[in-house]
Each structure stands twice: as structure tokens, then as C-alpha cells.
Amino acid sequence: MLLGGPLYHLGGQAVGLIALVGAASVFCTPVVGRLIDRKGPDVVSPLAFFTGIAAGIVLLGGGLGGATGLLALTAGMLLLDIAVQSGQTANQARVFAIRPDARSRLNTAYMTSVFLGGSAGSWIGVKIYGHWGWPGVCALIAAAAIIALARHAVKIYR
């Protein structure tokens, strides 16, 4: 909505090309997977949360407009995609460890939850954008990561 709006006036094709930066996050997944194999998913999750917080902060620069804003949006989107991919890899490792003999069923339940959560997040994001604009969306991203980090810390350090 920001890229297609009055600040950037970009069309769907340009927005799609900019969104392709997220494809670069797939290069992080094997690295994250090896880290999970060596140290476990509880090491990766806080890294994903901190990266999500950083993404929210960097994405805020997208409100500047111009080349600087596009650079901030591109970098922030890459950080956010890395955070999401890393978190998902850690979560899938957790889910698959529950019952290795039921991986397909567990993965179905997990991915259904992921898609429902993504749908809810998209809906909430649009509502936030309508009320508080781009800074509100960036705050939502950072707040979600902070809440997840706090929940993770309570679980780990209890």
C-alpha cells in the first residue's frame, strides 16, 4: 500500500520486482538449519525475533520516500523475510521433534496455523495502516517480534 500510494506511485509490476528481494532469504535457510542441527531451535528463535525488531525499525525509513526510502524498504523486507524464514525453520524443527512418526499430520496442523496467522496479520496490518499509516505497520512488526521474544524468554528462563 505504501509503494502504490502517493509517496511512491509505483504500479504492481514495480512492487512485485521490489518484493523479489525476499527470495534472497532462501540462502539463509541452510545456514539456519545447520545452526539448529548443532545448537537447537531455541538458539535461532531469539535471533529471528531480534531480526524482526530490526526489520520494523529499518522499514520505518520507507516513509522517507525517494531512493533512501526504497533502499530502507528493500533492506527491511529482506530482514523481515530472513526473520520469518529463520523462525519458521526453528518452529518446524520443534514440531517435527514432537512425534517423528507423525510428521505429515503435525506439519499440516503447523502450516494451517501459519496460514491462519498470516491471514490475520495481513488483515490487522491493513487496519493498522488505515489508522496509523506506515509507522503503525512498522510498530506492529516490531511489537509482534518483541512479544514473541518476551514469550520465548519466559519459556526458556523459567
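A residue is called buried here when its relative accessible area is under 20%, exposed when that area is over 50%, and partly exposed in between, as computed with a 1.4 Å probe on the protein chains only. The structure is a predicted model, in which local features need a pLDDT of at least 70 and side-chain atom pairs count only at pLDDT 80 or more, while totals for chains, interfaces and linings use all residues. Residues are numbered from 1 along each chain as its sequence is written, and side-chain values use heavy atoms, with hydrogens and water left out.

With 20 residues, α3 reaches 29 Å from its first C-alpha to its last, close to the 28 Å expected at 1.5 Å a residue, where the expected span is 1.5 Å times one less than the number of residues. Within α3, Gly56 is buried, with a relative accessible area of 4%. Leaving aside neighbours within four places in sequence, Gly56 is in contact with Cys138 and Ile141, contact meaning heavy atoms within 4.5 Å. Gly56 and Ala143 lie 87 residues apart in sequence, yet their C-alpha atoms are 8.6 Å apart in space.

The helix α4 has 33 residues and spans 48 Å from its first C-alpha to its last, close to the expected 48 Å. Its buried residues are Gly69, Ala72, Leu73, Gly76, Ile82, Ala83, Ser86, Gly87, Thr89, Ala90 and Val95, and their cover includes α2 (29-39), α3 and α5. Ser86, which is placed in α4, counts as buried because its relative accessibility is 8%. Not counting residues up to four places away in sequence, Ser86 touches Val32, Val44 and Ala48.

The largest pocket has a volume of about 1,700 Å³. A pocket is an open set of points on a 1 Å grid over the protein atoms alone, where a 1.4 Å probe fits, with protein on both sides within 12 Å along at least five of seven lines, and lining residues have an atom within 4 Å of a point. The volume is the space filled by probe spheres set on the points. Of the 39 lining residues, Leu80, Val84, Gly118, Gly121 and Ile141 lie nearest the pocket centre. The helices α1 (12-19), α3 (41-60), α4 (66-98) and α5 (103-156) each supply at least two lining residues, and α5 gives the most, with 18.

Finally, His9 lies in the segment before α1 and is exposed, with a relative accessible area of 61%. Its phi is near 55 degrees, a positive value in a residue other than glycine.

Notes:
Helices (H or I, at least four residues) and strands (E, at least two) are DSSP runs, numbered from the N terminus.
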